[in-house]
Amino acid sequence: MRLILMGPPGAGKGTQGDRIAAAAGIPRLSTGDMLRAARRADTRLGREAQRYMDAGELVPDDVILGIVGEALDRPEASGGFLFDGFPRTVAQAEGLRDLLSEKGLSLDAVVSLDVPDEELVARISGRRVCETGHVTHTREVGESKVCPQCGGTLVHRSDDLPDTVSRRLGVYREQTEPVLEYYAAGDIGLTVVDGLGHRDEVARRLDAAIAKTRAEAVG
Ligand code: AP5
């Protein structure tokens with residue numbers, strides 16, 4: 001399965017993407033996670049990305065397409081993949097189209113999670129993450145600093161502060177919503193799924209939408 005999971009910051013892409021990728025036995029390729037890993041490793045890429053991320057701005061397209069190209073070349077992506085947080089600009093979508101066409105591959109589905117802004121802000125302001133990338137929420141762990149999954153230390157992501165969140169939402173409207181239109185107008189189409197409600201309920205809606213899109217592509 002080759003899938004793109006889109007949606008604004010805090011929509012639940014990581015939460016649902018992890019689950020879908022694990023069930024399908026494919027890697028979740030999150031450009032945000034790749035950039036944060038580069039920051040932790042203090043590489044040149046990580047240092048360059050940091051100033052964009054902390055300001056809530058997008059990292060330049062050529063940098064992103066470079067790391068995505070490398071990820072697609074890895075053997076674990078040969079049986080399929082789920083993109084989370086990519087593409088975020090029309091130029092990235094066009095770059096992905098070219099990368100896939102060089103490999104003779106096409107996408108199976110593009111799905112976007114729809115969540116109202118006030119809920120996005122509530123989800124992001126309460127989000128806590130640990131060093132190994134597990135994500136939880138103060139609704140689940142309260143003020144505890146201990147990751148329920150690995151026992152690591154929970155922190156607030158550095159770009160989850162209120163001013164940065166509002167900029168990230170603005171950037172999403174300006175630069176990423178046109179990507180939804182790009183896919184909606186293309187052969188594969190865009191499936192929009194209601195991302196509001198309990199995560200199990202969202203999971204059921206997503207699974208049904210993906211199965212339907214794939215069945216339509218085959219039929
Ligand atoms: P990135 O890491 O991709 O962040 P994002 O897209 O802003 O998305 P988030 O990680 O904030 O949210 P999510 O949708 O994954 O939600 P989650 O599952 O965590 O990007 C960060 C930065 O990197 C960008 O700003 C940019 O600078 C740079 N970048 C990355 N990719 C780039 C690209 N392609 N081009 C250029 N720059 C790029 O859920 C959020 C919270 O809600 C969690 O606490 C979770 O527990 C909770 N939650 C999840 N589902 C539910 C539910 N159903 N009900 C209640 N709570 C829920």
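Asp42 is partly exposed, with a relative accessible area of 48%; here buried means under 20% relative accessible area, exposed over 50%, and partly exposed in between (1.4 Å probe, protein chains only). The structure is a predicted model, in which local features need pLDDT of at least 70 and side-chain atom pairs count only at pLDDT 80 or more, while totals for chains, interfaces and linings use all residues. Residues are numbered from 1 along each chain as its sequence is written, and side-chain values use heavy atoms, with hydrogens and water left out.

Asp42 sits in the loop between α2 and α3 (44-55); helices (H or I, at least four residues) and strands (E, at least two) are DSSP runs, numbered from the N terminus. Although Asp42 is not a glycine, its phi is positive, at about 55 degrees. Pro87 belongs to the loop between β3 (81-84) and α5 (90-102).

## Salt bridges

A salt bridge is counted where a side-chain nitrogen of Lys or Arg lies within 4 Å of a carboxyl oxygen of Asp or Glu. By this rule the model has 23 salt bridges. One of them joins Asp117 and Arg173, whose closest N and O atoms are 2.2 Å apart. This pair links distant parts of the chain, since Asp117 is in helix α6 (residues 117-126) and Arg173 is in helix α8 (residues 162-184), 56 residues apart. Asp117 is partly exposed at 36% relative accessibility, and Arg173 is partly exposed at 31%. Arg173 also forms a salt bridge with Glu177, at 3.0 Å from N to O. Arg173 and Glu177 are 4 residues apart in helix α8, so about one helical turn separates them. Glu177 is partly exposed, with a relative accessible area of 28%. Elsewhere, salt bridges that share partners join Asp18, Arg28, Asp33, Arg36 and Asp84 into one network.

Another salt bridge connects the side chains of Arg139 and Glu119, at 3.5 Å from N to O. Because Arg139 lies in helix α7 (residues 138-141) and Glu119 in helix α6, the pair ties together parts that are 20 residues apart in sequence. Arg139 is exposed at 54% relative accessibility, whereas Glu119 is buried, with a relative accessible area of 18%.

## Buried positions in α6 and α8

The buried residues of α6 are Glu119, Leu120, Arg123, Ile124 and Gly126. Their cover includes β5 (127-129), β6, α7 and α8, where contact means heavy atoms within 4.5 Å.

Helix α8 contains Thr164, which is buried at 10% relative accessibility. Leaving aside residues up to four places away in sequence, Thr164 touches Met53, Asp54, Ala55, Gly56 and Asp159.

## The ligand and its shell

There are 35 residues around the ligand, of which Thr15, Glu57, Arg88, Arg127 and Arg168 come nearest; a residue is near a molecule or strand if one of its heavy atoms lies within 4 Å of it. The shell divides into 11 nonpolar, 12 polar and 12 charged residues. In this classification, Ala, Val, Leu, Ile, Met, Phe, Trp, Tyr, Cys and Pro count as nonpolar, Asp, Glu, Lys and Arg as charged, and the others, Gly among them, as polar. At least two shell residues come from each of α1 (13-24), α2 (31-40), α6, β6 (135-137) and α9 (199-218). Helix α2 gives the most, with 4 residues.

A polar backbone atom of Gly14 is 2.9 Å from an oxygen atom of the ligand. A nitrogen atom of the ligand lies 3.0 Å from a backbone N or O atom of Gly85. From Arg199, a polar side-chain atom lies 3.3 Å from a ligand oxygen atom. Taken alone, the ligand exposes 1,000 Å², and the protein buries 96% of that. Accessible areas come from the Shrake-Rupley method with a 1.4 Å probe; for residues, only the protein chains shown count as cover.

Conventions. A polar contact is a pair of N or O atoms within 3.5 Å; within protein, one must be able to donate a hydrogen and the other to accept it, and residues adjacent in sequence count only if both atoms are side-chain atoms.
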